[in-house]
Amino acid sequence: MPKEPTQREMLQTLTQVIIGIPGNPDDTGMIGDIKEIKRDIKTQNTRINKIEGKQKFLFGLIAGSGTVGGLIGSALNKVFGG
């Protein structure tokens with residue numbers, strides 16, 4: 001039967017899980033994971049904001065062209081008696 005870990009061992013394990021292994025860039029613990037997730041979310045939000053800006057421009061362009069098309073169509077109807 002395995003021996004029960006001491007409070008010190010449990011604290012060391014918990015600390016290692018939370019902050020990682022000091023001096024080891026591959027194991028940054030939960031703190032490192034959270035920093036990485038935050039960085040990825042910021043990058044993703046930047047891309048989404050750029051796409052939304054392009055969408056708004058295109059929607060405005062389409063709406064504007066519909067309005068202009070309607071004005072031109074009604075003007076042509078008046079000129080040619082349609």
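The chain exposes about 7,500 Å², of which carbon and sulfur atoms supply 64%; accessible areas come from the Shrake-Rupley method with a 1.4 Å probe, and for residues only the protein chains shown count as cover. The model is predicted: local features need pLDDT of at least 70, side-chain atom pairs count only at pLDDT 80 or more, and totals for chains, interfaces and linings use all residues. Residues are numbered from 1 along each chain as its sequence is written, and side-chain values use heavy atoms, with hydrogens and water left out.

Buried residues account for 4% of the 82 residues in the chain. Here buried means under 20% relative accessible area, exposed means over 50%, and partly exposed lies in between (1.4 Å probe, protein chains only).

The chain contains 2 helices and 0 strands; helices (H or I, at least four residues) and strands (E, at least two) are DSSP runs, numbered from the N terminus. Helix H1 has 13 residues and reaches 18 Å from its first C-alpha to its last, close to the 18 Å expected at 1.5 Å a residue. That expected span is 1.5 Å times one less than the number of residues. Just after H1, glycine 20 adopts a positive phi of about 85°.

On the surface, a nonpolar patch is formed by Leu11, Leu14, Val17, Ile18, Ile19, Met30, Ile31 and Ile34, which together have about 700 Å² of accessible area. Patches are made of residues with over 30% relative accessible area and no salt bridge; like charges are joined within 9 Å, and nonpolar side chains (Val, Leu, Ile, Met, Phe, Trp, Tyr) within 5 Å. Helix H1 (7-19) and helix H2 (29-80) each supply at least two residues of this patch, and H1 gives the most, with 5 residues.

Leucine 11 is found in helix H1 and is exposed, with a relative accessible area of 53%. Valine 17 also has its place in helix H1, but is partly exposed, at 43%. Neighbours within four places in sequence aside, valine 17 is in contact (heavy atoms within 4.5 Å) with Gly29 and Met30. Valine 17 and aspartate 27, 10 residues apart in sequence, lie 8.9 Å apart in space, C-alpha to C-alpha.

The structure holds 1 salt bridge, defined as a side-chain nitrogen of Lys or Arg within 4 Å of a carboxyl oxygen of Asp or Glu. It joins the side chains of lysine 3 and glutamate 9 (3.7 Å, N to O). Lysine 3 is exposed, with a relative accessible area of 62%, whereas glutamate 9 is partly exposed, with 31%.
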